[in-house]
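Please work through the following exercises with the sequence and the model open beside you.

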Amino acid sequence: MRPIERDLLRFKEIVRGEVKKRAREFLTREEFFGQVEGRLVSIPLPQLEVPKIVHGEPPGEGLGLGGAGAEGMGPGGHVPVAELELEEFLDLMGEALRLPRLKPKGEGEVTEEAFRFTTIARKGPRGLRHVRRTLKESLKRALQTGEYQPEDPLLVPEREDLRYKAPRSKPRPHAQAVVLFALDVSGSMREEELRLVKVLSFWITLWIKRHFPRLERRYLLHDAEAWEVSEEEFFRAREGGGTRLSSALLLAEEILKRYPEAFYNRYLYHFSDGENWQGDTPLALEALRRLLPTLALYGYAQVQGPYGQGRFLEDLRENLGKAEGLATAEVRGREDLPAALRRLLGG
Amino acid sequence: MQKELRHWAGLLRERAEAAGLSFPPVLFEEVGPEEMAMLAAYGGFPRRYPHWRFGSEYLRYRETYRYGLSRIYELVVNTHPVQAYLLRGNTLLAQKLVMAHVYAHADFFHNNLAFKPIPKDMLSEMAQHAAFVERAMERHGARSVEEFLDMALSLENLIDPHAPYIRREEGEEEERPPERLRVRPYLDPYVNPPPEPPKEAQEGASPKPLPPRPTRDLLGFLARHAPLAPWQKGILEIIREESLYYAPQGATKILNEGWATYWHTRLLLPLLTPEEALEFAEMQAGLLAAQGFNPYRLGYLLLKEVEERWDKGRFGPEYEALPLGERLRYERPTGEGRKKLFQVRTVYTDLPFLEEFLTPEFALRQGLLSPEDLPRFAEAKRVLLFRLSNLGYPIVELLDANHGNRGELLLAHAYEGVELDLKKTKAVLENLHRLWGRPVHLKTVVGGKEVLLSAGT
């Protein structure tokens, strides 16, 4: 390995360590979300700069004379920005926050063309030449023509002997997933709680997408009634009337009918303050009992301020605590987020 | 290297030498963009000690090239023979321009006085430094050596750029510890005994102050006096030596680039074919773009100004006495321009170069300044010169290594109206404290008031 590659590897190792160290900070910083959208994540890491005694505020601009090398000699001077592939970044976050790997339930119907170099061709680029096969052909020819002499086994491949590795397309079943977010917008959800929901749903989406590249997303809101909305509308703060959690579950059941469980890993996330109308809880539980076996995961996050009085979480745990595919978490503030995220993903 | 390039290299060399440039042999080598990125990250050398900072730089150069944001056409290294790298795949004209440019850099390295004390065998020096650090890593663990490097590198700019010129008078030199003989470790205490403790009788006498006079060479001081293992002192010496090697390049950036641009223009213009003229003009325009602070542009224009002034006799007491308006029209044919240029190349660095030749007349003529702005010229020039002083770094002196008779370091920042970056400065002081083992203090000015920043107290 060339020395510069060694230095580069070490640098990347340090970056990865730094990202893991700051995983919790990244988790809760919304201003960071914009950077995670693309295929590459760039993270400014000022701690990866060797500190030096330098001037602070640069002195005033000097007319058209321009400013001269405030950086001084040698290389450097820029704030190091680490660039990571989104997948690598997510894996580091997952490692640091101990997020569980999601296992696909069954195979999807959609197939993907995957090219694998599994076959042999007579023509191809030199870089893909298959030496062993070429020599084998050469040997065969030499044996046939009698040129081959065991005491002097010299093989000279000719054009007709050349063999190349060649790709073959192979249909590959691809697991698909759908995630449905339901949000309780009754009066008791305030701005701060909504922000927590946003953070949670952002990372849940990314993490599911990490495992199921074909991910469909649906959003619904509810108070006493439930209705489907777009992603943008979902995250807009608003107030409504009373709360019937069952309305969300019934609408979710309806929406999910379009995503048969045989072909989809179905995730349903429900954010609420847990203050359900009396009398609705049995209805909600009943809907859930029907729904749960068809889902990969039902995540219920009770998001409430420090004085929240929601009861649904307890009801849920009492009645369905042992059920498979049920994940619950209580979020009262930012510090609960890493643990809640882990639990909601089934960890 | 291709035959055609070699032909041009020879031709341009002849023309350069005929024009009065003198320089050692220059080795040209064509390299691909990745290799160029590596060389740039390594400061021009094929081998440096292992450190992640080079990896970070390499990544940056490689990616900015890949996205088309920057392109390093050439790298030239101050060694003997001069080693120069050309980017493979450049057009022939670009390579010709770069080779002429490189010859002028080689002439500058060879003749400018700032480079006189710089060793010319840096190629092997750097490789030896790399080997030293690698050996230390094998013996003491890569991580602990890296940690020490991180600390030491944060002191990289705390050198005295003039150290190579300073010759202390006899007796003034600090006492150096006796040479250590290399023996097996178990024999070491017998062959190289520890120095004798000072005698009782001397205790009453006031000890010699350490350092004997304030010094800016903090790295050198630490390498001699800090309580460190030999390999750690070795690393400090390495970093100091490399910083001193790069210092004259930092101090002559404007002049050196101006000189090289002046000469590639002079050498190439008469050789251009009509087809090449447009491409040349385009490259020249890119190189001399009036965008931000461009050392190529400022250096080139100033040198042309100097040549014109000394050709037209615009110097001397008679000229100096004229008011501004008349200076611009003054003429007294002397034709000493070229001679003056060679003198400037030999004895100036950026700071005196700008100090002397960056005049209001020049600024007016180049449109850097509108006549109404004339009163602000002096201030703008002062700011520019300040940024070029001490390679743009604050000047920090070590005053006392036994501050308060407690073995603490006392440093002072020569405050000139610009405050330090406190966050970084404090991080550096922490590192310094870990190296020195005792508290360290730095006198500076914050918010207009004198303060003492400390670490380890």
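**Exercise 1.** Determine how H3(A) and H5(A) are oriented to each other, and name the residues that make the contact.

*Solution.* Begin with the axes, which are lines fitted to C-alpha atoms, for helices over the stretch in contact, with angles from 0 to 180 degrees between N-to-C directions. The axes of helix H3 (residues 86-97) and helix H5 (residues 191-211), both of chain A, cross at roughly 115° and come within 11 Å. Angles under 35 degrees count as roughly parallel, over 145 as roughly antiparallel, 65 to 115 as roughly perpendicular and the rest as oblique, and H3(A) and H5(A) are therefore roughly perpendicular to each other. Next comes the hand of the crossing, which is left-handed for H3(A) and H5(A); left-handed is the term if the near helix is turned anticlockwise from the far one by less than a right angle, and right-handed if clockwise. Finally, A:Glu87, A:Leu90 and A:Gly94 of H3(A) make the contact with A:Leu206, A:Trp207 and A:Arg210 of H5(A), where contact requires that the C-beta atoms of two residues, placed from the backbone, lie within 7 Å. The residues of this contact of H3(A) with H5(A) comprise three nonpolar, one polar and two charged; Ala, Val, Leu, Ile, Met, Phe, Trp, Tyr, Cys and Pro count as nonpolar, Asp, Glu, Lys and Arg as charged, and the others, Gly among them, as polar.

A note on reading applies to every exercise: this is a predicted model, in which local features need pLDDT of at least 70 and side-chain atom pairs count only at pLDDT 80 or more, while totals for chains, interfaces and linings use all residues. Residues are numbered from 1 along each chain as its sequence is written, and chains are lettered from A and ligands numbered from 1 in the order in which they are written.

**Exercise 2.** Describe the crossing of H4(B) and H11(B).

*Solution.* The axes of helix H4 (residues 92-111) and helix H11 (residues 274-287) of chain B come within 10 Å, crossing at roughly 55°, which makes H4(B) oblique to H11(B). The crossing of these helices, H4(B) and H11(B), is right-handed. On the side of H4(B), B:Leu93, B:Ala94 and B:Leu97 meet B:Glu276, B:Glu279, B:Phe280 and B:Met283 in H11(B). Sorted by class, the contact of H4(B) with H11(B) has five nonpolar, no polar and two charged residues.

**Exercise 3.** Find the orientation of H8(B) to H9(B).

*Solution.* In chain B, the axes of helix H8 (residues 218-225) and helix H9 (residues 230-251) come within 9 Å and cross at roughly 160°, and this makes H8(B) roughly antiparallel to H9(B). The crossing in which H8(B) passes H9(B) is left-handed.

**Exercise 4.** Give the strand order of the six-stranded open sheet in chain A, and find the helices that pack on it.

*Solution.* The order is E7-E6-E5-E8-E9-E10 (chain A), with mixed pairing; strands (E, at least two residues) and helices (H or I, at least four) are DSSP runs numbered from the N terminus, and two strands pair if DSSP finds at least two bridges between them. Strand E7 (226-229) and strand E10 (326-331) of chain A stand at the edges with a single partner strand each, so one side of each has no neighbour in the sheet. Neighbouring strands of this sheet are turned by 20° against each other on average, direction ignored. Within the sheet, strand E5 (residues 176-184) and strand E6 (residues 214-222) of chain A run parallel and are joined by nine bridges, and A:Gln176 stands opposite A:Arg214 in E6(A). Helix H9 (residues 312-320) of chain A packs on the sheet, touching strand E8 (264-272), strand E9 (297-303) and E10 of chain A, and its direction makes about 155° with that of E10(A). Helix H10 (residues 337-344) of chain A also packs on the sheet and touches E8, E9 and E10 of chain A, its direction making about 170° with that of E10(A).

**Exercise 5.** Trace the pairing in the open sheet of four strands in chain B.

*Solution.* The strands lie in the order E4-E5-E6-E7 (chain B), and the pairing is mixed. E4(B) and E5(B) run antiparallel, joined by five bridges, and B:Glu397 has B:Ala412 in E5(B) as its bridge partner. Strand E5 (residues 408-413) and strand E6 (residues 440-446) of chain B, by contrast, run parallel and are joined by four bridges, with B:Ala412 opposite B:Lys443 in E6(B).
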